[in-house]
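Could you walk me through this protein model, one feature at a time?

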Amino acid sequence: MTHPSRLALAAFVAALTITPCALGHAQQPAPPATASAPAAQAPDKPLPGLDPSSMDIGADPCKDFYQYACGNFATNHPIPPDQPDVDAFYVLYNVNTAELNGILQKAEAAGASRSPDEQKIGDYFKACMDTGAIDAAGLKPIQAYLNRIAALKNTPASRASLAALIGDLQRDGVGVFFGYGEQQDFKDASKQIAFIQQGGLGLPEKDYYLRAGDKDIEIRHQYTAHVAKMLVLAGESATQAQQDADAILALETSLAKASLGVVDMREPEKTYHLVPTSTVESSLPHFNLTAYEDGIHSPHVTEINNVTPDFLPELARQLQTADIATIQAYLKYHLLTSVARNLPHQFDDENFAFYGTLLEGQPQQRPRWKRCSTAVDGALGEALGKLYVQQYFAGDSKEKMLQMVHDIEGAMGRDIDQIDWMSAPTKTRAHEKLAAVANKIGYPDKWRDYTKLTIKPGDALGNQLRADAFENDRELNKIGKPVDRGEWEMSPPTVNAYYDPSMNDINFPAGILQPPFNDPTQDIAVNYGHIGAVIGHELTHGFDDEGRKFDAKGNLDNWWTPDDLKNFTARTDCLVKEYSGFTAVDDVKVNGQLTLGENTADNGGLLLAFMAYMQRAKETGQDPSAKIGNFTGPQRFYIGFAQNWCENTRPQAIRSQVLSDPHSPDHIRVDGVVVNQPGFAAAFGCKAGTPMVPANSCRVW
Ligand SMILES: [Zn+2]
């Protein structure tokens, strides 16, 4: 689907919407007033696969394994002021960003000898870095849009023109009012179709508008204050801007009330309603869908997945009856916030003050060079990624990783054979699905062609809009065409991974196949614990509460007998209960239902990785009881796994994650998982009944 505007990090992707986990909510962080100031902190070095300095050796691994494996991590890794947190993912992300920056510095300087891709990434980066030119340009690069918004009137003809304007804005990456894009048909994965769905909110998700706690009221107050400041910067009087901001909050609250919550959005049955286009049109009277399609460059479709049908009537009501001044202010604010990175620094600073500091607790913006390197990865990920993998993922990296993937798939096959709660017919279907999983490692076989994307020197904002439009066009151009199974949803340098249920594939970008996750200086125990658990996690997504609904071909199709499904649900209910008992921060508990898919994947993934490790050790004649650095093989395996999740996180960032993200907080992903692992107690000699070996453990896979 389109608009993956969030920066991927710190977690793995589950499913339907291929939504990577967020580092900064909705917005990318913005630049500091003094862009030329040198970075305050020393550059990150890669963490080792097994890091004794992060451990608290004095702690009892049977009481609190996170404390044992990660107890000194926070002390040794204070959170840099330009980050919401620090963990293994973030450290590697910083390492990769510095490497991308090295490539970009060469590309911006190389002159006439550059390849077309180097010209594009180099000029995009250089323009992004030129804050002097960005400040001098003011609002000029978006003046045409501001004029169109200002020209709207409270007449039927003017309201009718909104369809084309919304289409144009969305094509350029400005997410107003609703979402529209391309997906594989859930029931026929060989088909690519259009979808329309809820959207248009400035806060991270629906419940931010509706919860009644003091903290929630405060955030809404801060949000309207922020919106007003942005409008003042764009020329409104303070009184007018505050009035507009309050009206924008009211409009967005109406859209939020008509939206599905984050738990429901994970359920494919609730988000699949393939209907003739005329059905959507009748829910959106007075909205010219054809003009909209022309604006966003979509083909004129005859059927659409109406993802959230209850949303459209409210959308129609707002478009038709909201005060036209409110609609103007709403469009203007969302335009400003979407492109704040490339507007004069006052906009960028204000945008960061809300989305970075207030929502995530991050005191400072990331330095401009990091933000611009990340921006090029977002805009031209496969052009930059091609150069990245040549330098950092060469040789036999792909083949080595593929062997581990095959080991873990082999373990899953044995696991399916061994489990006692599933009948033979369902096991046959599970095996079919497992055998059909496609393994994608490192980078695409065929690189994306950016020939038609124009990147101009000195036009930072124009480059951003054209790159967004190019990506939207690429997505929408797939509608009605055959599926390209070689396509990737993440760029090669990304520190993340995902399972896609419609593709039935697991995807591991080169960016995560680096230390500490994959460390060539460590033995197999450590690496199977680190990246092996990640691979097992993604594979298990194909068989979690959501993935299990899709078959070998990627179609939504129930392949479970009623009894097997009942047994499965009893097991996942155990995980819901376990994780709902964890306190994430202050009064905020983990949402066991929202995080069920990820928790299932964490638990199954670690179990499979352990089976695969023991098998590989056996086949290669390695003795697991042999110690390296005082630890046996199984001990190194579990410590390596736990150190995937050592963290130091600001409380604001944990709060914001727990409320909207399907992943449990990092530290809970250690103890929450090892309590359910049959191999753990033996590895550390823990007695039954100790906190890490409870009587009532859970086991799905
Ligand atoms: Zn995941």
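Asp-586 counts as exposed because its relative accessibility is 61%; exposed means over 50% relative accessible area, buried means under 20%, and partly exposed lies in between, using a 1.4 Å probe and protein chains only. Asp-586 lies in the loop between β9 (583–585) and β10 (588–589). Helices and strands here are DSSP runs numbered from the N terminus, with H or I over at least four residues for helices and E over at least two for strands. The model is predicted, so local features need pLDDT of at least 70 and side-chain atom pairs count only at pLDDT 80 or more, while totals for chains, interfaces and linings use all residues. Residues are numbered from 1 along each chain as its sequence is written, and side-chain values use heavy atoms, leaving out hydrogens and water.

Now for the backbone. Most residues other than glycine have a negative phi, and most peptide bonds are trans. Asp-586 has a positive phi, near 45 degrees, and is not a glycine. Asn-504 also has a positive phi, of about 50 degrees, although it is not a glycine. Asn-504 is found in the loop between β7 (498–500) and β8. Is Asn-504 buried or exposed? Asn-504 counts as buried, because its relative accessibility is 0%. Another backbone feature is the peptide bond from Pro-515 to Pro-516, which is cis, with omega near 5 degrees. Pro-516 sits in the loop between β8 (505–509) and α22 (524–541).

Let us turn to some buried side chains. Lys-440 lies in strand β6 (residues 438–442), and it is buried, with a relative accessible area of 9%. What lies 2.5 Å from a polar atom of the side chain of Lys-440? It is the backbone oxygen of Glu-487. A polar contact is a pair of N or O atoms within 3.5 Å; within protein, one must be able to donate a hydrogen and the other to accept it, and residues adjacent in sequence count only if both atoms are side-chain atoms. Leaving aside neighbours within four places in sequence, Lys-440 is in contact (heavy atoms within 4.5 Å) with residues including Glu-487, Trp-488, Asp-505 and Phe-508. Gln-170, in helix α8 (residues 162–171), counts as buried at 1% relative accessibility. Its side chain reaches the backbone oxygen of Phe-178 at 3.0 Å.

His-334 leads us to a pair of helices. His-334 lies in helix α15 and counts as buried at 5% relative accessibility. A polar contact of 2.7 Å joins its side chain to that of Glu-252. Both residues take part where α11 meets α15: Glu-252 is among the α11 residues there, and His-334 is among those of α15. Two packed helices are described by the angle between their axes and the distance between the axes. Helix α11 (residues 238–257) and helix α15 (residues 324–338) pack at about 90 degrees, with axes 9 Å apart. Axes are lines fitted to C-alpha atoms, for helices over the stretch in contact, and angles run from 0 to 180 degrees between N-to-C directions. That makes α11 roughly perpendicular to α15, since 65 to 115 degrees counts as roughly perpendicular, under 35 as roughly parallel, over 145 as roughly antiparallel and the rest as oblique.

Finally, look at helix α4 (residues 116–129). At 1.5 Å a residue, its 14 residues should span 20 Å, and its end C-alpha atoms are 20 Å apart, which agrees; the expected span is 1.5 Å times one less than the number of residues. The buried residues of α4 include Ile-121, Tyr-124 and Phe-125. They pack against α3 (88–109), α5 (131–137), α17 (368–379), α18 (381–392) and α21 (460–476). The axes of α4 and α18 come within 9 Å and cross at roughly 110 degrees, which makes α4 roughly perpendicular to α18. Asp-117, Glu-118 and Ile-121 of α4 make this contact with Ala-383, Leu-384, Lys-386 and Leu-387 of α18. As for α17, it is mostly covered: 10 of its 12 residues are buried. What covers those buried residues includes α3, α4, α5, α16 (345–360), α18 and α21.
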